[in-house]
Structure formats: C-alpha cells, structure tokens
Amino acid sequence: MALLEVSGERFRVEVTGPVGAPPLILSHSLGCTLGMWDEVVPLFPGRRLIRYDARGHGESAAPDQVYAMGDLGRDVLAIMDRLSLSTADFCGLSLGGMVGQWLALNAPQRLTRLVIANTTAHAGPARFWDHRIKAVRKDGTGPIADSVIDSWFTPQFKAQRPARVAEVRAMVTGTNPAGYMGTSAAMRDMDFRADLPRIATQTLVIVSDGDRSTPPAWGETIAGAIPGAKLARLPGGHLSAIEQPEAFARTASAFLG
C-alpha cells in the first residue's frame, strides 16, 4: 500500500501480483475504496493488479469542487504514468465502469482490453444527483448510507454476510463529503450514449440479475452499442465483485485471457 504523489496530488495506490505480469487496473464504485476488490484480488494470480482510491475517496485527494468524468479518467492515466505503464487492461465497476468508458473514448491507446461491470452510459436524471448532492452537503454521507447499501446488495447476501456489508457501509460513511459531492456531479453530467459506437477497445460488459442500482438493461444497452462488445450476466446485486467474486473473476479472466 502506498500514497503516491500523482500530478501534484496524493493518491492511495496498491500494486500486487508478479512483477512483469500483465497489468490490470481495478476501479471501484462511488462511495467505496480499493477495498471493494478484496474478494477478487486472490482470484487473479497471473496478473499485476493496480488498485487505487479514486479522487474524492478513501485516502486519495478530495478537493472541494465539481469533478468531471475526465478528471477521474486523467487520474488513471497519471497513475499509469507514475507506474511506468504504457498500456494496461482496465476493469471498472459502476463509477469505475464510467471511467473505463471515458478512457476508451479519450485514451484508447492506453487500454488493451476493457471490462465494465454494473454500470451505465448515462446516470440521469440530473435532479436525482442534485438532490443527493444537497443531502450530502447538509448532513454528510451517513444519512444516505442505508439506502445506498439497500440498493447495492441482495437480501440474501445481506443476511449471509452482515460483517462484509457493514464494512462496505463504513466505506460509504467514511467518504469525504466533498469527494462524494464532486463525484456525484461527474456522474450527473456524464452522457456517453451517442459516443459508444466509437469505442474500438475490446470490451466485456458484465450485468447482474439482481442489480437495482444499474439494472441489467442499462449494461445491455452499452454492450449493444459498442462494436463487438461481449455481454456476461451474473446472479446477485450491484457490487458483483463482492457478491459473486468467483464468477466475476472467472468471467473477466476468460475475456482478458
């Protein structure tokens, strides 16, 4: 685990796996940290894994301002530069999947393959995010945590793994309010729908049958718009890397090779 100076800002980055192995960047959901990937890390033994706390989250920089998806995408490129990675595979879930779409559209030469899970190309309507930003500005992330967790996990998982659910809830409540609001603005303002046919990176889209935050139809739309994209369907809820780690890693690995 390390805190790296990246473009004059601090980012928490963890690099694991064999030196010289093919690099795979893992990008987490809004309100989480790199700990969201804990279950799947041991399931990619032949990979050099790069996890990071996104801008506004965990121990990374959280400036009090409106973010754009390009800010989050350029952070990934800066981390790659800092680690001397000219190219890498990229796997993003939810917010991370949005960052992945930005990278495929704006820096395709840096990506070898792309996995985007439980995500969307347009997170509107804007009034939802404006309401969320207003609520966090007033009271912080604590009051929204229960509704967020309820939408992320299936009832079965919450009953079977209450300790892990509590850990994820703590990620949400521990998120810097400025970072949560800034990232929410980036999600509010994002719209890649018309641009998806321009993506030339080999892409896998993962959806989950029980996902209430980004319903499967949203991912199916992305897969249908990106030329040659593959679609995979998993059981479970929104945070598929936590609820279905073995299936998630198996599906991603089969695509990444």
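Contact here means heavy atoms within 4.5 Å. The model is predicted, so local features need pLDDT of at least 70 and side-chain atom pairs count only at pLDDT 80 or more, while totals for chains, interfaces and linings use all residues. Residues are numbered from 1 along each chain as its sequence is written, and side-chain values use heavy atoms, with hydrogens and water left out.

**Stop 1: Ile149**

Select Ile149, found in helix 4 (residues 145-152). Helices (H or I, at least four residues) and strands (E, at least two) are DSSP runs, numbered from the N terminus. Leaving out residues up to four places away in sequence, Ile149 touches Val165, Val168 and Arg169. Ile149 counts as buried at 6% relative accessibility. The classes are buried for under 20% relative accessible area, exposed for over 50% and partly exposed in between (1.4 Å probe, protein chains only).

**Stop 2: helix 1 and helix 2**

Next, show helix 1 (residues 69-82) and helix 2 (residues 95-106), whose axes come within 9 Å and cross at roughly 80 degrees. Axes are lines fitted to C-alpha atoms, for helices over the stretch in contact, and angles run from 0 to 180 degrees between N-to-C directions. Helix 1 and helix 2 are therefore roughly perpendicular to each other. On the scale used, angles under 35 degrees count as roughly parallel, over 145 as roughly antiparallel, 65 to 115 as roughly perpendicular and the rest as oblique.

On the helix 1 side, select Met69, Gly70, Leu72, Gly73, Arg74, Val76 and Leu77; they meet Leu95, Met98, Val99, Trp102 and Leu103 of helix 2. By class, this contact of helix 1 with helix 2 has 9 nonpolar, 2 polar and 1 charged residues. Ala, Val, Leu, Ile, Met, Phe, Trp, Tyr, Cys and Pro count as nonpolar, Asp, Glu, Lys and Arg as charged, and the others, Gly among them, as polar.

Stay on Leu77 of helix 1. Apart from neighbours within four places in sequence, Leu77 is in contact with Trp102, Leu103, Ala107 and Arg110. The C-alpha atoms of Leu77 and Arg110 are 8.0 Å apart, across 33 residues of sequence. Leu77 counts as buried, at 14% relative accessibility.

From helix 1, follow the chain to Ser84, in the loop between helix 1 and strand 5 (88-93). Phi of Ser84 is near 60 degrees, a positive value in a residue other than glycine. Ser84 counts as exposed, at 67% relative accessibility.

**Stop 3: the nonpolar core**

Now select Trp37, Met69, Val99, Trp152, Phe153, Leu239 and Phe248, the residues with the most contacts inside the largest nonpolar core, which has 87 residues. Such a core is a set of buried Ala, Val, Leu, Ile, Met, Phe, Trp, Tyr and Cys residues joined through side-chain atoms within 4.5 Å. Val99 has contacts with Tyr52, Met69, Leu72, Gly73, Val76 and Phe90, its neighbours within four places in sequence being set aside.

Phe248 leads on to Ala117, which touches Gly92, Leu93, Ser94, Ile206, Ser240 and Phe248, not counting residues up to four places away in sequence. Ala117 lies in strand 6 (residues 111-117) and is buried, with a relative accessible area of 0%. Gly236 is 119 residues from Ala117 in sequence and 12 Å away in space, C-alpha to C-alpha.

**Stop 4**

In the loop between strand 6 and helix 3, select Pro125. The peptide bond from Gly124 to Pro125 is cis, with omega near 5 degrees.

Then show helix 3 (residues 126-139) with helix 7 (residues 177-189): their axes come within 9 Å and cross at roughly 175 degrees. The two, helix 3 and helix 7, are therefore roughly antiparallel. Residues making the contact include Trp129, Ile133 and Val136 of helix 3 and Tyr180, Met181 and Met187 of helix 7. In all, the contact of helix 3 with helix 7 has 9 nonpolar, 1 polar and 4 charged residues.

**Stop 5: the cysteines**

A search of the whole structure finds 0 disulfides, a disulfide being a pair of cysteine sulfur atoms within 2.5 Å. Select Cys32 and Cys91. The closest cysteine sulfur to that of Cys91 is in Cys32, 14 Å away and too far for a bond. Cys32 is buried, with a relative accessible area of 0%, and Cys91 is buried, with a relative accessible area of 0%.
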